[in-house]
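Subject: Structure handover and findings

Hello,

Here is the structure we talked about handing over. My notes on it follow below the files.

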Amino acid sequence: MKKKRFVFPSAGFKCHRIDGIPVIAGMVCVSLAGLLSRFLSGSPLPVLHKQALPPTWVFFLIWLFSYLVLGFCFGAVLGSRALGKEVNKYKGSFFFTVMIVFNIVWYPLFFKAGAFFFALIDILFIILFCFLTAVQYLKVNKIFGICMFIHMFWLLYCFVLNFTAFIKT
């Protein structure tokens, strides 16, 4: 007898199923990568106190929630059984992986090294790859593409934060 696997219902407008294992694995891997980047960088307090910003714990919660949602989208797209969308699925996943690598590098550049110019260049690449990911994810599942575009608003706020820090130094 074949063992039944946990499957999320479709979150898109077309009826296709999403395998739950990649979703959970994506959430765990992306969140751990984000937390690792945060803890390797140390405290962001010296940089944040120079800016008029919300408390540090707010940034931590937003990043954690963001990584969970990104991991969910990544895993759901990889686990999607949308026929005829394999090219979009894997292109989007490639762009997503590159975006996460740049994202992990940004935190230590900005907070630990104080290399605001290089962090600014880095966040531009993050925004670019987030856009490319969103376009590919829209073709696989509209909800996950929209989530990526929403994430771009947070990235744009971080860009403004980064640009302000760069101008002030």
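This is a predicted model: local features need pLDDT of at least 70, side-chain atom pairs count only at pLDDT 80 or more; totals for chains, interfaces and linings use all residues.

I start in helix 6, where Phe153 is found. Phe153 is exposed, with a relative accessible area of 62%.

Overall layout

The protein has two strands and six helices. Along the sequence the order is β-β-α-α-α-α-α-α. There are 169 residues, of which 44% count as buried. The protein exposes about 9300 Å², and 78% of that area is supplied by carbon and sulfur atoms. Of the contacts between residues at least 6 apart in sequence, 71% join residues at least 24 apart.

Aromatic pairs

The count of aromatic pairs comes to 15. One of them is formed by Phe72 and Phe144, which sit edge-to-face at 5.8 Å centre to centre, with 70° between the planes. Phe72 belongs to helix 3 (residues 56-78) and Phe144 to helix 6 (residues 142-168), so this pair ties together parts that are 72 residues apart in sequence. The two partners are covered as follows: Phe144 is buried, with a relative accessible area of 2%, while Phe72 counts as partly exposed at 27%.

A second pair is that of Phe74 and Phe96. Their ring centres are 4.6 Å apart and their planes stand at 10°, so the pair is stacked. Phe74 lies in helix 3 and Phe96 in helix 4, so here the parts tied together are 22 residues apart in sequence. Both Phe74 and Phe96 are buried.

There is also a cluster: ring pairs link Phe94, Phe95, Phe102, Phe125 and Phe129.

Nonpolar surface patch

Phe125 turns up again in a nonpolar patch on the surface, together with Phe117, Phe118, Ile121, Leu124 and Leu128. The accessible area of these residues together is about 550 Å². Leu124, one of the patch members, lies in helix 5 (residues 116-140). Leu124 is partly exposed, with a relative accessible area of 43%; patch residues need over 30%, so Leu124 passes that cut-off.

Which side chain of opposite charge is nearest to Lys89, and how far away is it? It is Glu86, at 5.6 Å. A salt bridge requires a side-chain nitrogen within 4 Å of a carboxyl oxygen, and Lys89 has no salt bridge, yet is buried. Lys89 is placed in helix 4 (residues 86-112). Leaving aside neighbours within four places in sequence, Lys89 is in contact with Val77, Leu78, Ser80 and Val140.

Asn88 is also placed in helix 4. Asn88 has a relative accessible area of 16%, and since buried means under 20%, Asn88 counts as buried. Not counting residues up to four places away in sequence, Asn88 touches Gln136, Lys139 and Val140.

Regards

Notes
Residues are numbered from 1 along each chain as its sequence is written. Side-chain values use heavy atoms; hydrogens and water are left out. Patches are made of residues with over 30% relative accessible area and no salt bridge: like charges are joined within 9 Å, nonpolar side chains (Val, Leu, Ile, Met, Phe, Trp, Tyr) within 5 Å. Accessible areas come from the Shrake-Rupley method with a 1.4 Å probe; for residues, only the protein chains shown count as cover. Helices (H or I, at least four residues) and strands (E, at least two) are DSSP runs, numbered from the N terminus. Buried means under 20% relative accessible area, exposed over 50%, partly exposed in between (1.4 Å probe, protein chains only). Lys and Arg count as positive and Asp and Glu as negative; His and the chain ends are not counted. Contact means heavy atoms within 4.5 Å. Rings of Phe, Tyr and Trp (its six-membered ring) pair if their centres lie within 6.5 Å; planes under 30 degrees apart count as stacked, over 60 as edge-to-face and the rest as tilted.
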